[in-house]
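Hi,

Here is the structure I said I would pass on. Have a look at it first, and my notes follow below.

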Amino acid sequence: MDQQPVQVLIEAMRLAVTRLPDEVLGALQDAHQAESELGRTQLETMIANAEVASAEGLPLCQDTGLPTFRVLVGHEFPHRADVGEWIRTAVRRATEEVPLRPNVVDLLTHRNTNDNTGRGVPMIDWEPVPGTDCRIDVLPKGGGSENCSALRMLTPSEGFSGVKRFVAKHVASCGGRPCPPGFIGVGIGGGADTAMKLAKRSLYRPLGDPHPEPEIAALETELLGLVNASGLGPMGLRGRTTALAVHVEIADRHPASYPVGLVYQCWAHRRATMEINAEGVASLVSAGGSIPGKDE
Amino acid sequence: MTRHLVTPLDESALRSLRVGDRFTLTGDLFTARDAAHHKIVDLQLRGERLPFDVAGMALYHCGPIMKWTQDQWIPISAGPTTSSRMEGSEPEVIRHLQLRLIIGKGGMGPDTLSALADVGGVYAHYTGGAGALAARSIRRVSGVHWLDELGMPEAVWRLEVDGFGPLTVTMDSHGRSLYEEVSRDVNRHLEPRRQVRGG
């Protein structure tokens with residue numbers, strides 16, 4: 001089988017961990033203007049770090065995450081049976097070549113597997129879609145932010161006001177542990193698993209794209225305001241910017257249930273996207289808004 | 001004003017630091033996360049010595065990316081990890097090893113604060129995620145312990161740093177914790193919102 005998609009996947013992982021997306025860098029720079037002195041120092045260090053990482057081709061954060069992918073696989077994509085193995089191979093090779101931190105620990109022996117693969121890892125969220133192509137999103141996500149995930153089974157009568165209380169209080173209670181200013185993914189509806197899955201999926205949405213339903217877009221804006229009103233600030237050291245965006249995704253619900261999932265992403269919101277066409281030829285789509293050499 | 005600290009760390013210099021002070025560090029530090037803390041406590045309970053000397057060194061909560069090149073380890077990315085995971089064993093480790101400088105992110109709890117007061121030490125914050133920048137200030141990897149058993153992130157790495165920072169004192173030896181103060185303010189800001197209905 002053609003290994004070209006593996007090579008492109010490795011490049012996607014390399015770009016994701018070494019280059020902070022332009023829109024994330026822009027959001028940090030915008031936040032910098034309004035911050036407290038201690039908050040400003042944090043944002044300055046984050047920005048300087050992203051510049052060093054990009055210039056030297058080094059992972060900007062040592063926590064390159066548990067390998068996490070979302071795969072939008074076309075119903076007619078001819079190579080669907082190969083994608084899982086491509087990803088597994090690419091993860092092993094990227095661990096050596098980029099390098100990534102070996103982050104997978106055997107649940108029973110506590111031994112590091114040393115190649116970033118293991119039971120259930122890489123974690124792949126498969127989503128079948130119409131078409132003949134396949135799109136793969138890479139989301140390196142650190143453990144410190146993932147540890148601040150939460151699920152709350154609200155009562156339906158609590159509704160949006162319950163969602164607001166939960167999100168504002170939970171983000172504040174995490175303090176500086178998940179590396180704020182963060183990106184807050186919220187999933188509402190379905191079952192408990194749906195809410196968590198929607199919360200994580202919302203993080204793949206490009207920054208600045210509001211939810212298509214106006215009520216949800218308004219909720220996202222309001223939640224961002226509430227989270228920032230806490231005064232927690234960059235790295236939890238007090239300041240105006242606790243989150244850079246809140247994304248909400250929804251599903252309809254059981255009459256008795258109102259699940260709300262929250263997935264916290266740190267300021268280093270690293271992403272990259274690649275596509276594979278029906279001929280099995282892969283190409284990078286984006287690495288944080290731009291691909292080196294393809295900018296013009 | 002940014003001060004400059006050099007190892008071996010001495011008690012009077014660390015006692016003079018207060019919450020909000022900024023400094024850079026030159027000298028020796030060692031990394032330890034959850035698993036290494038447990039091993040240190042276990043050795044202590046059995047009355048055994050550590051296989052490495054940490055006297056006068058700073059403890060860095062960090063699980064770096066290292067690359068073995070030719071005959072040495074090269075630091076690739078080495079930012080701080082979340083310190084609160086170590087809260088359960090840190091007070092014991094501080095007292096046992098007489099640690100006077102802990103570097104991490106996100107802060108620690110009241111038991112660590114009280115251990116810092118006992119030994120005359122501080123907890124200093126470094127910006128989370130700033131791994132590439134932190135790795136630049138590592139002059140040399142002077143040793144690694146428990147690598148086979150614990151794996152790269154959890155192993156104890158001994159590092160020589162030059163001008164590591166800016167570090168900010170967020171918990172001092174006089175009982176002050178910036179995290180406690182911010183948390184009180186944050187709860188006060190959120191309080192009125194609990195009464196808001198509707199939406």
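**The sheet, the domains and the chain contact**

In chain A, 4 strands make up an open sheet with mixed pairing, in the order β4-β7-β5-β6. Strands here are DSSP E runs of at least two residues and helices are H or I runs of at least four, numbered from the N terminus; two strands pair if DSSP finds at least two bridges between them. The edge strands, each pairing on one side only, are β4 (150–154) and β6 (243–250) of chain A. On average, neighbouring strands of this sheet are turned by 15° against each other, direction ignored.

A word on conventions: this is a predicted model, in which local features need pLDDT of at least 70 and side-chain atom pairs count only at pLDDT 80 or more, while totals for chains, interfaces and linings use all residues. Residues are numbered from 1 along each chain as its sequence is written, and chains are lettered from A and ligands numbered from 1 in the order in which they are written.

Back to the sheet: strand β5 (residues 182–188) of chain A runs parallel to β6(A), and 7 bridges join them. One of the residues involved is Gly185(A), whose bridge partner in β6(A) is His247(A). Val186(A) has contacts (C-beta atoms, placed from the backbone, within 7 Å) that include Val246(A), His247(A) and Val248(A), leaving aside residues up to four places away in sequence.

Chain A is divided into domain 1 (4–17 + 60–140 + 270–286) and domain 2 (143–265), with bounds from an automatic or database domain assignment. Their C-alpha centres lie 26 Å apart, and the contact takes 4 residues from domain 1 of chain A and 5 residues from domain 2 of chain A.

Finally, 47 residues of chain A are in contact with 43 residues of chain B. On the chain A side, the largest share, 10 residues, comes from α3(A).

Best wishes

Methods:
Axes are lines fitted to C-alpha atoms, for helices over the stretch in contact, and angles run from 0 to 180 degrees between N-to-C directions. Two residues are in contact if their C-beta atoms, placed from the backbone, lie within 7 Å.
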